[in-house]
Amino acid sequence: MIASLANYPVWQVSGVNGGLLIALIAVIHVFVSQFAVGGGFFLVMAERKGHREGSARILKWVHRHTRFFLLLTMVFGGMTGVGIWLIIALVSPEGTQFLVHEFLYAWATEWVFFLGEIIALLLYAASFARCRDGHMAPKDHMLLGWAYCLFAFLSLFIINGVISFMLTPGNHSFGEGQFWAAFFNPGFWPGLVFRSGLSLVLAGLFGLVTATAIRHEPTRTEMVRFCAKWVCLPFVLMVAGGAWSAASLPDEVRAFMMRRTADIRPVVRSFIDAAPVLFLAGMLLFIRLPKKAYLPCVLVMLALGLAVVGSYEWVRETARRPWLIYGHMYSNGITAAEGARMNKLGVLAVSGWAGLKAGTIPMAEGAASANTVGLASAAHAAVPAGESAGAPAEANAAPPPLPDAASLTGAQRSAFGKFLFSQQCSGCHGIASPKLDIVPRVAGRGVRGIDALLAAQGSISPYMPPFFGTVAERAALAEWLNTLGETGGRHE
């Protein structure tokens with residue numbers, strides 16, 4: 001189905017909300033991409049250990065782990081990275097446009113760094129056999145590994161600036177081109193510390209996946225303990241970064257998180273519970289578990305690592321409520337300025353994707369169309385002083401009236417109510433979806449109850465964007481939602 005915001009059509013899938021789709025792809029990608037950052041350092045340090053100890057078995061394992069690392073991060077990680085850009089462009093085109101425009105050169109720089117990652121890692125993996133055979137000096141081979149580490153960390157550095165800006169823009173003045181103030185926002189350094197620690201922890205976790213398969217028992221034991229150190233030691237850095245990140249949040253965001261609404265409470269609990277268990281599991285491996293317990297423990301730790309990443313990202317996203325970009329753009333992609341225009345002129349006048357055929361919408365007497373007024377004013381302004389008599393007739397003509405939502409009836413009214421849901425609600429809520437399903441939230445309330453619920457958004461319910469549009473338009477949405485509640489979403 002194609003729905004829309006004010007300026008872009010938006011892709012929507014029945015049975016799931018856009019936010020959940022983004023979360024599913026993003027969490028998997030972050031899980032792998034953070035490993036891609038820390039894993040580079042892990043590879044070089046493990047290779048260094050093999051050369052220093054003169055262990056052919058350790059170098060053989062590092063070589064095998066490099067292939068695993070390459071396939072997981074560059075192939076699967078690259079695919080999920082493309083998937084993120086695709087899904088955010090479909091679900092949140094306004095937010096994607098803003099971030100691309102605001103951080104255009106940052107994104108361009110990050111893509112250069114990512115190209116450097118690809119080249120350095122491919123060269124590192126391709127030359128590993130030559131290094132093991134003595135045809136390439138270890139220091140030259142490890143130099144390729146260090147080049148990969150540098151490019152990977154710089155990619156994280158750039159992306160962290162963009163992501164942290166969305167929650168903590170600080171005193172940034174939107175639209176004034178203050179790039180560096182936006183990039184080095186209050187959450188930049190805390191977020192970088194946390195993500196750096198997390199990357200190193202994940203490097204140890206994924207190292208355990210291949211280390212537990214080493215056949216030579218003394219080498220397996222040694223490398224399992226080596227990997228466990230990477231889980232345990234950077235854990236302190238990760239916790240410190242998490243605490244610092246919480247302290248850098250705006251006061252109102254911190255207050256919201258302390259209240260812990262019903263849908264964020266279990267996620268916060270997951271993060272608090274999973275992280276310590278992950279640390280303890282790493283400690284057990286470090287202390288030497290029995291061989292038979294290695295694989296089950298590693299699988300549990302991977303699941304806990306995914307829970308830590310997922311819960312942290314979910315809390316970070318939820319903490320922005322009701323904003324997508326804090327203080328500027330709401331979670332439905334409508335900016336504060338655009339919302340004010342909708343309240344004044346109506347959604348029908350501002351949004352060009354309402355799905356109603358031109359010429360079939362009843363008009364309000366004496367009202368002026370926002371778009372036509374803008375064109376007429378621009379044409380009039382272009383006429384030099386003293387030459388108004390010769391201005392085009394279109395510039396001096398009275399603009400046509402605004403569409404009147406109160407006069408919509410039947411199928412048009414239902415279609416407009418559905419459009420309003422797609423525009424203002426579907427970014428978070430789905431219909432019969434596994435998360436934030438709108439149907440049980442409106443069932444049994446009646447039109448008046450739903451209308452009151454919509455009116456309370458942004459005030460009594462501060463974690464939701466306010467409804468944007470006229471009272472008549474809000475009533476059209478309430479009527480459509482009431483029908484949805486009565487049918488259990490079956491008319492979709």
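A salt bridge, for this talk, is a side-chain nitrogen of Lys or Arg within 4 Å of a carboxyl oxygen of Asp or Glu. Hello everyone, and one caution before we go on: this is a predicted model. By that rule the count comes to eight salt bridges.

Let me start with lysine 49 and glutamate 222, whose side chains meet in a salt bridge at 2.9 Å, N to O. Lysine 49 sits in helix α1, residues 18-53, and glutamate 222 in helix α9, so this pair ties together parts that are 173 residues apart in sequence. How covered are the two partners? Lysine 49 counts as buried, because its relative accessibility is 11%. Glutamate 222, at 29%, counts as partly exposed.

Now turn to arginine 474, which forms a salt bridge with aspartate 451; the closest N and O atoms are 2.9 Å apart. Arginine 474 has 18% relative accessibility and counts as buried. Aspartate 451 has 19%, and since the cut-off for buried is under 20%, aspartate 451 counts as buried as well.

My next stop is a network. Which residues are linked in a network of salt bridges? They are Arg195, Glu313, Arg316, Glu317 and Arg320. Within that group, the side chains of arginine 316 and glutamate 317 meet at 3.1 Å, N to O. Arginine 316 is buried, with a relative accessible area of 13%, whereas glutamate 317 is partly exposed at 36%.

If you follow the chain on from there, you come to a cis peptide bond joining arginine 321 and proline 322, with omega about 0 degrees. Proline 322 has its place in the loop between α12 (294-319) and β3 (323-325).

While we are on backbone details, please look at alanine 432. Its phi is positive, about 55 degrees, although the residue is not a glycine. Alanine 432 is in the loop between α17 (410-424) and α18 (439-442), and at 51% relative accessibility it counts as exposed.

Where is the positive patch? Arg57, Lys60, Arg64, Arg67, Arg132 and Arg215 form it. Helix α2, residues 56-91, gives the most to this patch, with four residues. Arginine 215 comes from the loop between α8 (188-211) and α9 (217-247), and it counts as exposed because its relative accessibility is 83%.

There is a nonpolar patch on the surface too, formed by Trp180, Phe184, Trp189 and Trp244, with about 490 Å² of accessible area together. Phenylalanine 184 is placed in the loop between α7 (179-183) and α8. With a relative accessible area of 35%, phenylalanine 184 is partly exposed.

That brings me to α8 itself. Is this helix mostly covered or mostly open? It is mostly covered, with 20 of its 24 residues buried. What span should we expect for α8? At 1.5 Å a residue, its 24 residues should span 34 Å, and the end C-alpha atoms are 34 Å apart, so the two agree.

To close, I would go back to the pair of lysine 49 and glutamate 222, which joins α1 to α9, and then to the network that includes Arg195 and Glu313.

Methods
Residues numbered from 1 in each chain as written. Predicted model: local features only at pLDDT ≥ 70, side-chain atom pairs only at ≥ 80, totals over all residues. Heavy atoms only, no water. Patch = residues over 30% accessible without salt bridge, like charges linked within 9 Å, V, L, I, M, F, W, Y side chains within 5 Å. Areas by Shrake-Rupley, 256 points an atom, 1.4 Å probe, with all protein chains shown as cover. Lys, Arg positive; Asp, Glu negative; His and termini not counted. Charge placed at Lys NZ, Arg CZ, Asp CG, Glu CD. Helix = DSSP H or I, 4+ residues; strand = E, 2+ residues; numbered from the N terminus. Buried < 20%, exposed > 50% of the residue type's maximum accessible area, 1.4 Å probe, protein only. Expected span 1.5 Å × (residues − 1).
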